[in-house]
Amino acid sequence: MSDLGSDEFEDEAGPYLGEYEGDRNEEGERHGLGKATLPNNDTYEGQYERGKRHGQGTYRFKNGARYIGEYLRNKKHGQGMFIYPDGSKYEGSWADDQRHGTGKYYYTNGDTYNGEWLKHERHGQGEYYYNDTGSRYIGTWVTGKPEGAGELIHANHRFQGNWTEGNMQGPGKYIFDIGCEQHGEYIPVETSQGDGEEEEPVTVTIPKWKAGNITGITLFVPPPPKEEPTEEETKPEVSEDKPPEEVQPSEAPEEVPADDATEQPVEDQEEPAPAAEDEPAPAAEEGEAEE
């Protein structure tokens, strides 16, 4: 994965400047579009700015590698594709002459990695495809190795768990397509290798699966979104026990002078209404407890 021959020559360095055909500025520097053959027989065709490769261009190395993409002051920077001498290829972001950002790498054995990069290393979130088995790892990478939470997907099952320095370690579970899953954890176990007469034994740490319970597949169901109350629900409730509003008395009648009241005959006075008989109290509703 190294950039063989990636140390491009400075176009204006050394006693022999190579050959150049193209635009120049008033100071005589390579500026604009041009084509150059460098002292080491590498070639570059593309944009220049004040004597340096700057902008879109194609750089061909004498060993067969080539870069097609953006430059910033003689360094690969921006979006570009690098084809290596062994046939592997990278397409994606570059920064300061290194794979940096998001991009996809095609390996000679058919494997691919598509995700984030940091200073030439797989770093961040990414997916690695294994061509021999068809398996895929999707998860976190740190300096080129799986680290943290991830998922390893096979043909008819998958593993969800954690990785440490490229190895599965800690709690996790295998999920099978037949409709069940097995919980457990990976435990690091040290083993010795190379115990021949001429080879000294080497201690190697290998993850060992410790199986646990087998259960049905547990699906994650997100909680339903919280519904906002309607206008009817936001109205204040009116209690049935609230006493009725007091009725304002009407205007009092005009006072009758005492003399006039005495002159009214007895027979003309209204007799008081007979007192109403006491009504029986209503029966208690069904289901109501008697005190």
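Me: What does the accessible surface of the protein come to, and how much of it belongs to carbon and sulfur atoms?
Reply: This is a predicted model, to start with. Its accessible surface is about 21,600 Å², and carbon and sulfur atoms hold 49% of that.

Me: OK, and what percentage of the residues count as buried?
Reply: 26% of the 291 residues.

Me: What's the secondary structure made of?
Reply: Two helices and 17 strands.

Me: And contacts between residues at least 6 apart in sequence, what share joins residues at least 24 apart?
Reply: That share is 18%.

Me: Let's zoom in on a piece of sheet. How do β5 and β6 pair?
Reply: They're antiparallel, with six bridges between residues 66–72 (β5) and 75–83 (β6). Arg-66 has Ile-83 of β6 opposite.

Me: Which residue in that hairpin takes a positive phi?
Reply: Arg-73, with phi near 50°. The hairpin of β5 and β6 has two residues between the strands.

Me: Which strand is joined to β6 by six bridges and covers residues 89–95?
Reply: That's β7, and β6 and β7 run antiparallel. Gln-79 stands opposite Ser-93 there. β6 and β7 also make a hairpin, with five residues between them, and Gly-87 in its turn has a positive phi of about 100°.

Me: Switching to aromatics. How many aromatic pairs are there?
Reply: The count comes to 31. One to look at is Phe-61 with Phe-82: the ring centres are 5.7 Å apart and the planes sit at 45°, so the pair is tilted.

Me: Why does that pair tie together parts that are apart in sequence?
Reply: Because Phe-61 is in the loop between β4 (52–60) and β5 while Phe-82 is in strand β6, which puts the two parts 21 residues apart in sequence.

Me: Are those two buried or exposed?
Reply: Phe-61 is buried at 7% relative accessible area. Phe-82 is buried too, at 0%. The cut-off for buried is under 20%.

Me: What about the rings of Tyr-128 and Tyr-130, how far apart are their centres?
Reply: 4.7 Å, with the planes at 50°, so that pair is tilted. Tyr-128 counts as buried at 11% relative accessibility, whereas Tyr-130 is partly exposed at 31%.

Me: What stands opposite Tyr-128 in β11?
Reply: Tyr-137. The strands there are β10 (residues 121–129) and β11 (residues 136–142), antiparallel over six bridges. Their hairpin has six residues between the strands, and Gly-134 takes a positive phi near 80°.

Me: And which strand does β11 join through six bridges, covering residues 145–153?
Reply: β12, again with the two strands running antiparallel. Ile-138 has Glu-151 as its bridge partner in β12. In the hairpin of β11 and β12, with two residues between the strands, Thr-143 has a positive phi near 45°.

Me: Last topic, charges over rings. Which ring does the charged end of Lys-89 sit over?
Reply: Tyr-106, at 4.9 Å from the ring centre.

Me: And where does Arg-53 lie?
Reply: Over the face of Tyr-44, 5.7 Å from the ring centre.

Conventions: Residues numbered from 1 in each chain as written. Predicted model: local features only at pLDDT ≥ 70, side-chain atom pairs only at ≥ 80, totals over all residues. Heavy atoms only, no water. Pairing = 2+ DSSP bridges. Helix = DSSP H or I, 4+ residues; strand = E, 2+ residues; numbered from the N terminus. Buried < 20%, exposed > 50% of the residue type's maximum accessible area, 1.4 Å probe, protein only. Contact = heavy atoms within 4.5 Å. Areas by Shrake-Rupley, 256 points an atom, 1.4 Å probe, with all protein chains shown as cover. Phe/Tyr/Trp six-rings, centres within 6.5 Å; stacked < 30°, edge-to-face > 60°. Lys NZ or Arg CZ within 6 Å of the ring centre and 35° of its normal.
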